[in-house]
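Q: I would like a close look at one part of this model, with the criteria behind each term spelled out.

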Amino acid sequence: VVCPAMLREKWKMELSNRFGVSAQIVDASELLSYLQEVKLNPQSSFALIVSMQGVRPSNRWDDDDQPSKTSTAQLARFLKDSELDDPLVDLVIIDEAHYLRNQATKTHLFGVLLRPVSLSMVMLSATPIQLKSTDLFNLLNLLDEDAFPYEGSFDTVLRMNEPVVRLRDRILAGQVDLDEFKK
């Protein structure tokens with residue numbers, strides 16, 4: 001689970017109480033150790049919780065001339081180097097996923113690094129926000145780059161679906177009778 005730092009304890013309690021899953025709260029260096037172990041022993045199992053703030057790649061994490069030696073940089077390099085290997089993680093849950101909507105952030109970059117090493121990814125957010133289509137595209141592209149490769153094609157899909165969305169809204173508001181619906 002990747003979540004804001006203030007939600008780590010809540011996630012630990014909820015996983016235990018609701019699902020019987022014993023999860024550990026870890027930092028970037030501990031996460032790196034678990035992932036390195038999985039690479040050596042693919043049958044390893046774990047449930048981990050990390051804070052978004054604590055795992056974002058540091059500056060110069062990918063600088064070959066002067067690479068950063070921070071644990072977040074080491075984690076980022078490990079994830080990047082593992083992107084073509086078998087997935088290291090069965091499921092990644094990203095809570096408060098709207099924090100990843102901006103491609104220019106280190107939090108989004110961490111999501112990009114996690115995607116190829118994860119078999120499945122789920123994004124959650126209960127925060128009512130107004131996403132621009134670019135923000136929504138960034139999140140969908142992060143979840144499934146193959147289905148949402150280009151922002152231009154995403155905008156076309158949105159425009160093509162506008163009549164169906166308008167009809168749905170009118171139906172829900174009780175403004176459409178059967179004859180109008182058929183038309």
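Q: By how many residues is the largest pocket lined, and which of them lie nearest its centre?

A: The model is a predicted one, in which local features need pLDDT of at least 70 and side-chain atom pairs count only at pLDDT 80 or more, while totals for chains, interfaces and linings use all residues. Residues are numbered from 1 along each chain as its sequence is written, and side-chain values use heavy atoms, with hydrogens and water left out.

The largest pocket is lined by 30 residues, and those nearest its centre are F46, L88, V89, D90 and L91. Here a pocket is an open set of points on a 1 Å grid over the protein atoms alone, where a 1.4 Å probe fits and protein lies on both sides within 12 Å along at least five of seven lines; lining residues have an atom within 4 Å of a point. The volume of the largest pocket is about 680 Å³, taken as the space filled by probe spheres set on the points, with grid points joined across faces, edges and corners.

By class, 24 residues of the lining are nonpolar, two are polar and four are charged, where Ala, Val, Leu, Ile, Met, Phe, Trp, Tyr, Cys and Pro count as nonpolar, Asp, Glu, Lys and Arg as charged, and the others, Gly among them, as polar. At least two lining residues each come from helix 1 (8-19), helix 2, strand 3 (48-51), strand 4 (89-95) and helix 5 (106-114), and strand 4 gives the largest share, with five residues. Helices (H or I, at least four residues) and strands (E, at least two) are DSSP runs, numbered from the N terminus.

Two of these lining helices also pack against helix 4. Helix 2 (residues 28-40) and helix 4 (residues 71-81) pack at an angle of about 30°, with their axes 8 Å apart; axes are lines fitted to C-alpha atoms, for helices over the stretch in contact, and angles run from 0 to 180 degrees between N-to-C directions. Helix 2 is therefore roughly parallel to helix 4, a term for angles under 35 degrees. The contact, meaning heavy atoms within 4.5 Å, involves residues including L31, L32 and L35 of helix 2 and L75, F78 and L79 of helix 4, and its residues divide into seven nonpolar, five polar and two charged.

The axes of helix 4 and helix 5, in turn, come within 9 Å and cross at roughly 35°. In that contact L75, A76, L79 and K80 of helix 4 meet F110, L113 and L114 of helix 5, which gives six nonpolar residues, no polar ones and one charged.

Definitions and conventions: Parallel < 35°, antiparallel > 145°, perpendicular 65-115°, else oblique.
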